[in-house]
Amino acid sequence: QNCKFKVGESATVSSPMATKTWLELIQAAKKTSIVQDGRTKVHYTFDDSREMVEQYDNRTQVLIERKWKCPTQLGGEGNWVYEVGEPPQVRSTLFDDIQESNANPIFSRLDTKNDFQWRIRNLPYPLSTYDLSIEDDGETIVLRTTNKKYFKRFGIPDLHRLGLKLDQKNLTKTHSNNTLVISYKKPVVYLQFEKSLKSELAKTKPLTEGDVPCQTM
């Protein structure tokens, strides 16, 4: 999981400098893109051989998937690690599918235009059961339940890469249909960064489907 954080390790100073640093890494990366099925897919290769793939919904312009891949310590191919969206589910039997859908909480991130957002399915407890807090490091969100049935620590690497700390007042939660939805309002500085990122990505001319290396997109 460290793979997706290390790209932004240099972004540990004040927000303007950190924003510039991450943008510089994006600008320096080798980028290819393709428009397909109502989505724009962008593949990045960074100078240290790390790879990142993002998918954007062309109608809403919202990021719907981001995944990272890093070389192994021995120089081999690493596995894709999802930061946004869900990896494809591989099932061995129908029984496994039923067991997971009925029993285990499933944690995933899917943002909106104005919020970072996470959904945890298969949590049947009422809203008052869940307690959200931010650790003293200002980078980690902690979810606890009063009945001790579920515990989760997670961060927002997008803000970490810009050197931005988390603020409790930006956190909200709702619950319905056995699903807990956690939202964190995107700071103004991050929304400004998104505009700069989209301007940078607009410089990359999309490839036709026949020109795209399937294994990387």
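**Burial.** I looked up how much of the protein chain is buried: of its 217 residues, buried ones make up 42%. I note that the model is predicted.

**Surface.** I then checked the accessible surface, which comes to about 12,500 Å² for the protein chain. Carbon and sulfur atoms account for 50% of that surface.

**Secondary structure.** I listed the elements of the protein chain and found five helices and 12 strands.

**Contacts.** I looked at contacts between residues at least 6 apart in sequence. Of these, 49% join residues at least 24 apart.

**Backbone angles.** I went on to phi. Most residues other than glycine have a negative phi. I found S49 with a positive phi of about 80°, although S49 is not a glycine. N177 is not a glycine either, and I read a positive phi of about 50° there.

**Where is S49?** I traced S49 to the loop between β2 and β3. In that stretch, β2 covers 39-45 and β3 covers 51-57. Is S49 buried, partly exposed or exposed? Its relative accessible area is 42%, so I put S49 down as partly exposed.

**Where is N177?** I placed N177 in the loop between β11 (171-176) and β12 (179-185).

**Summary of the two loops.** I have S49 between β2 and β3, with a positive phi and a partly exposed position.

Key: Residues numbered from 1 in each chain as written. Predicted model: local features only at pLDDT ≥ 70, side-chain atom pairs only at ≥ 80, totals over all residues. Heavy atoms only, no water. Helix = DSSP H or I, 4+ residues; strand = E, 2+ residues; numbered from the N terminus. Buried < 20%, exposed > 50% of the residue type's maximum accessible area, 1.4 Å probe, protein only. Contact = heavy atoms within 4.5 Å. Areas by Shrake-Rupley, 256 points an atom, 1.4 Å probe, with all protein chains shown as cover.
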